[in-house]
Amino acid sequence: GTIFGSNAMGAENIMKTLSQYNELWDGNGIQRDRIAEEANVSVGEVRVTLGVAVQPSVFDQFMVNTKRLGKDSGFLARFLLSRPISTKGTRFIDISRQKIETPYLKNYNERISQLLNLDIRFNNDDKIFQCIDILMSREAETLWEDFYNRIEEQQDEGGNYDHISGIASKSSEHLVRLATCLHIFCDKTGQNSLIEKDIIESAIEIMYWYIREQKRFDNKSTESELLSDLKYLLE
């Protein structure tokens, strides 16, 4: 309700809100000018992550109310969407069983704690993040280039990704972000370290999962936008 039912998502403000989210995702700053100069707001060098868990019916209603603006504006293409199939009816418990060991989850939690406890570094005026560039090795770049071209080829009219061209066109950017997260999580950020081939391969596998999820998520996954428009006109 806070995200999809707020004033910012109302009919008068939604275009402005979605475009602002898009700008932040792209790494651009925001500028808000007020009559009183001291009330002006300027934010630069932003790093934004937005995670939303919402009931399917609420999200579907949002799509109806905004007349697909969330999709057509590129807003949803900047998300990695998933709609898990419900497991209700199979969620049994058995208190007689001993606690199941989860060593991988333990390792995950320990690494997350380490990352959360890292200090945020700023430059000398304490206003802008002090960032480092993380680059890819030549082998990793070649894999990324191949992924980009494969996805691009299938966005043609009638292609496999024609009806989800929004997420498909952003998938190569998502891929780099996923690879960078894996690179940092695996603690490979030494001096002059590069994102290597194995990290990109893992990120590609994750990205293809999200692309398949998007195809399943899209209500018109079996028809192109052109065919959908033709049916609308026919009706």
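I started with a helix pair: α5 and helix α7 (residues 197-217) pack at an angle of about 20°, and their axes sit 8 Å apart. I'm working from a predicted model here.

Next I put a label on that angle. Angles under 35 degrees count as roughly parallel, so α5 and α7 are roughly parallel to each other. I also checked the hand: α5 passes α7 in a right-handed crossing.

On the α5 side I have Glu139, Ala140, Leu143, Trp144, Phe147, Arg150 and Ile151. On the α7 side they meet Lys197, Ile200, Glu201, Ile204, Met207, Tyr208 and Ile211. Sorting the contact by class gave me 10 nonpolar residues, four charged and no polar ones.

How many cavities of 30 Å³ or more does a search of the whole structure find? I got one. The largest cavity holds about 30 Å³ of space.

I listed what lines the largest cavity: Tyr148, Ile151, Glu152, Gln155, Ala168, Ser169, Ser171 and Ser172. By class I noted four polar, three nonpolar and one charged residues in that lining.

Which helices supply at least two residues each of the lining? I found α5 (138-153) and α6 (165-185). The largest share, four residues, comes from α6.

Key. Residues are numbered from 1 along each chain as its sequence is written. This is a predicted model: local features need pLDDT of at least 70, side-chain atom pairs count only at pLDDT 80 or more; totals for chains, interfaces and linings use all residues. Side-chain values use heavy atoms; hydrogens and water are left out. On a 1 Å grid over the protein atoms alone, a cavity is a set of points where a 1.4 Å probe fits but cannot get out, and a pocket is an open set with protein on both sides within 12 Å along at least five of seven lines; lining residues have an atom within 4 Å of a point. Grid points are joined across faces, edges and corners, and a volume is the space filled by probe spheres set on the points. Ala, Val, Leu, Ile, Met, Phe, Trp, Tyr, Cys and Pro count as nonpolar, Asp, Glu, Lys and Arg as charged, and the others, Gly among them, as polar. Axes are lines fitted to C-alpha atoms, for helices over the stretch in contact, and angles run from 0 to 180 degrees between N-to-C directions. Angles under 35 degrees count as roughly parallel, over 145 as roughly antiparallel, 65 to 115 as roughly perpendicular and the rest as oblique. A crossing is left-handed if the near helix is turned anticlockwise from the far one by less than a right angle, and right-handed if clockwise. Contact means heavy atoms within 4.5 Å.
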